[in-house]
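Trainee: Could you help me learn to read aromatic contacts and strand pairing in a protein model? I would like the general idea, then the case at hand.

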Amino acid sequence: MSKLLSVEHLTMQFGGLKAVNDVSFTASASAITAIIGPNGAGKTTVFNCLTGFYHPTHGRIILQREAGGTVELQHLRKHQVAARAKVARTFQNIRLFAGMTVLENLIVAQHNRLQRASLFSIAGLFGLPAYKNAEKDAVERARFWLDRVGLTASADVPAGSLPYGQQRKLEIVRALCTEPVLLCLDEPAAGLNGSETAELARFLRELRDEHGLAILLIEHDMGMVMGISDHIVVLDYGRKIADAAPAVIKEDPAVIRAYLGEPEAA
Amino acid sequence: MLRTPLREALLRPLRDGALAGFVALVLCLPIVGLPTSETANGLILRPRIPEAIAFAVAVFLGRFALGVAEAGRPRPVALIALLVAIAAPFIRFAPEFSAALAIGGLFVALRASLLAFPTLAGRITGGVKIPPVAIKRAPLVILALLVVLPLTPVIDRRLLDIAILVLTYVMLGWGLNITVGLAGLLDLGYVAFFAIGAYAYALLSISAGLSFWGALPIAGLCAAVAGLVVGGPILRLRGDYFAIVTLGFGEITRLIAINWSSLTSGSQGIAQIPRISFFGVADFTATPDAGRHAFHELFGISFDPSHRQIFIFYVILALALAVNAFIARSRKLPLGRAWEALREDEIAAQSLGLNLQRIRLSAYAIAASWGGLAGAFFAVRQGFISPESFSFLESAVILAIVVLGGVGSQLGVVLAAIVMIGVPELVRQLAEYRMLAFGVAMVAIMVWRPSGLISRREPSIRLGAAP
Amino acid sequence: MHVPPPMAYFLQQLVNGLVLGSIYGLIAIGYTMVYGIVGMINFAHGEIYMLGAFLALIAFVALSAIGLSSVPLTLVIVLVVAVTFTAAWGWTVERVAYRPLRNSPRLAPLISAIGVSIFLQNFVQLTQGARSKAIQPVLRGGVTLYGGGDGGFAVTISWLQIFIVVFTTVLMIGFTLLIARTSLGRAQRACSQDLKMASLLGIDVDKTISTTFVIGAALAAVAGMLVTLYYGVIDFFIGFLAGIKAFTAAVLGGIGSLPGAMLGGLLIGLIEAFWSGYAAAEYKDVAVYGILVLVLTVRPQGLLGRPMIEKV
């Protein structure tokens, strides 16, 4: 497994609080890396640093490019992370374009490619064939992913009207429509029932095995984390306390202390 | 609906009504009941206490009636309210009181009948089922009517003037709808672009001798550039901050127009702006200048002063339709979808690689350029412009048309422009109350439907009917 | 006392600025409190101030009609009348136009507030007339600091100016104590942190918000009364510009911060006075709008506010 992402000495400070403190870890291509830890451990902050929502106080986030060479994420702005580094993410509290249809959500995710094809709207405004073809491709890509998660029948309904579990799925496939090399999922199983969680785990595994996608996962559902992760990073109070394969993490005394020693840990 | 016992059904509404009536009395007593009046010896009071009390009584009755209707007895309430509304004009008290009673009575009657016939209410609030063919054809029918309108004998000069005015507001409403409706940015200074376009045409035509048709694109361009320059730094701001900053921009533009007298001749305004020509080919005059053609000679018809006005009507119709076509087209483009995505959730949109700054800027600048075109049209039609025409109130009126019509809805803008601009122009007695009604309507519609009257949204693409 | 003319001119602008600033500060408190708690720009607040001015005017005219000549008594009665009735308007506006929209999309309350603003302006115009209203000065005379005998500039501080500055200072100190010491202030601070949590902890959120609007309107009424006294002329349109300036003051000081509103008010008053005195007077409003735009774009948290962290 080749190294795709390496986070080096990441620190994020808000006033006097170090939400993330000198955290380093790596994530491999075609692998699922989980970040776990009690509430307030700094997991989402790591995600926000990775995806340009926060600019870290210290540290580097280095991503290998498909074409060779590297790109450093800590300097990029939000939209550049997706557009240039091909890192996509979902959110803890689902963020869909609720008033737009399911299909439109997936088309928006392919904005940059379509925008180029429409020659920044000029060709599109006059309905030139180059743009029409690009749009057809975009719809086909959307249909492919909708088929995969069984949402094809709901393609033309507003995203906000979907049931909760389907909204989670839609948010994930929307991120996939950006054709990412790294997919960051922030608690994708939160609020799902047992069978939905199992289905999600199977889907993530397929993404890794069939599409060679690297996934970074924040999750509280330990059953799922232990079941699908290739590698687990444990954070507590903003620091990394463990970094190993699931089997090793289960036995790690520091991890057990962090979870059981904390009364509010879920 | 639960039917409560009569005593209870009357008691609570009575209490609510008394409270509302008391509050209304407190509010109205000094402001309505004690108007000040200027005399040679300074201000004096001319009390109108009975009127103030009458208003409070009307509020009491209205609140009471609504309460009774809500407590399970809507039918008698609807009937009585309707009778009151019909009888109101015959009450010989104060005309304002009659008006209040009539409008209030109608409102209560409507509310009560909606309660009385819940299925009807459901149908109205859930959207009346109109056959899709009708929806598709309706704009075409309206368009055909508009095209032949100036040629029909029913239309006179005044009506045509009103139609032109309404169409100007429709165009402005559609232009602003790009920012407010599609991009979700509350722009309170749209009138600035209207002003820039108007001044651009006025100055270019007077000092550089450009014709309307030559100056029109430049006016649009000037407004777009202004939009780019202003929009650049402010588009990152949160919604309400953005709104206030645009308001500031609108007012700064107006104040500059007032104070930069050497360019704009200040608050006197610019008069004698050259009239529109027939595409630069011919003028609308009985006796053309040397070397120019006259419109009626060109077509071999006799001279009629209304020709220019009819032509102006077609110009604004064409301009408005151009905005509409542009919006319809761009909604189906990546850019249009990106506008809507940023309106729905800017954080998610950015995480998908959308450049917030650039996409919003495009919406703002494009809307600005349409505003500029409308401004140039305004200047050529009036022949006179002054900063007075570009106050914040004007921005608020355009915004009100967009909001009342239903944010993002093209047809809604047309309806709102007709109701809010056309009707008060037709019925001059209402003009005085127009802005008052504007204010009330804005509040009422926000409270009743925070997303506007027509809030149905047509998907920009369907999986079934993908191209 | 000998003061060189440039100094005298400076002093005069300083006094003018302080008077204006105190009035803006009073209005700005209404904006900042409401923003702090409900998170909305109460666009109609300028109109509430205008109502306050009109109610004060009506009271003045009524009192002079019945021949009351005692100045202190007149001032007290006018103050009570203006504050009471304006507060009633503030309460009603919140109840009718804002409360139903508390959980609506962010821009809905702002549009509703613009509607209220348009309504109130036209309501007063229709009931009280469109022409500007003038009253006789109530407080006359003042202290001449410098006579301007040798062709220089005379510096006069009128009793009215002293009254305005002293009165607003006392009012603001009292108000700050009220917010810092009472349970109302505690409830307000709790609501500004988290409305839902506050209500779970047993705070009557509706009542706290209502009280906030009532207090804001009362302070705006005081400002309206002072302006009526100071300029002696008002019209139905004064609320718009004063509202924008006071909002700018609130933003400059850091919206949500009470000391910020007072500081911002003073600064805006001083800037306006000095700009008129030393730069182009006709562009004084442009200067204020410029500050508004600049502060919001460069430092949206203002002078005393805390920066916000984007929650994802």
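Mentor: Happy to! Start with burial: Phe284(B) has a relative accessibility of 6%, so it counts as buried. Keep in mind that this is a predicted model.

Trainee: How is a pair of aromatic rings described?

Mentor: A ring pair is described by the distance between the centres and the angle between the planes. Across all chains, a search of the whole structure finds 37 aromatic pairs. One of them joins Phe284(B) and Phe311(B): the centres are 5.2 Å apart and the planes make 35 degrees, a tilted pair.

Trainee: Which parts of the chain does that pair link?

Mentor: Distant ones: Phe284(B) sits in the loop between β4 and β5 of chain B, while Phe311(B) belongs to helix α13 (residues 306-331) of chain B, 27 residues apart. Phe311(B) has a relative accessible area of 10%, so it is buried.

Trainee: How do Phe10(C) and Phe274(C) pair?

Mentor: Their pair is tilted, at 5.1 Å centre to centre with 40 degrees between the planes. It links helix α1 (residues 5-38) of chain C, which holds Phe10(C), to helix α10 (residues 258-278) of chain C, which holds Phe274(C); the two residues are 264 residues apart. Phe10(C) counts as partly exposed, because its relative accessibility is 35%.

Trainee: Which residues do ring pairs link into a cluster?

Mentor: In chain B, the cluster consists of Tyr201(B), Phe212(B), Trp213(B), Phe278(B), Phe279(B), Phe284(B) and Phe311(B).

Trainee: Where do charged ends sit over rings?

Mentor: One case is in chain A, where the charged end of Arg95(A) is over the ring of Phe91(A), 5.7 Å from its centre. Also in chain A, Arg174(A) lies over the face of Phe97(A), 4.7 Å from the ring centre.

Trainee: Which residues of chain C does UniProt list as "transmembrane region"?

Mentor: The unreviewed UniProt entry lists several spans of chain C, including 48-67 and 159-180. In the model, residues 48-67 of chain C are 90% helix and 0% strand, with end C-alpha atoms 28 Å apart. Residues 159-180 of chain C are 100% helix and 0% strand, and their end C-alpha atoms lie 31 Å apart.

How values were computed:
Residues numbered from 1 in each chain as written. Chains lettered and ligands numbered in written order. Predicted model: local features only at pLDDT ≥ 70, side-chain atom pairs only at ≥ 80, totals over all residues. Heavy atoms only, no water. UniProt positions renumbered as here; feature names shortened; annotations may be inferred. Helix = DSSP H or I, 4+ residues; strand = E, 2+ residues; numbered from the N terminus. Phe/Tyr/Trp six-rings, centres within 6.5 Å; stacked < 30°, edge-to-face > 60°. Buried < 20%, exposed > 50% of the residue type's maximum accessible area, 1.4 Å probe, protein only. Lys NZ or Arg CZ within 6 Å of the ring centre and 35° of its normal.
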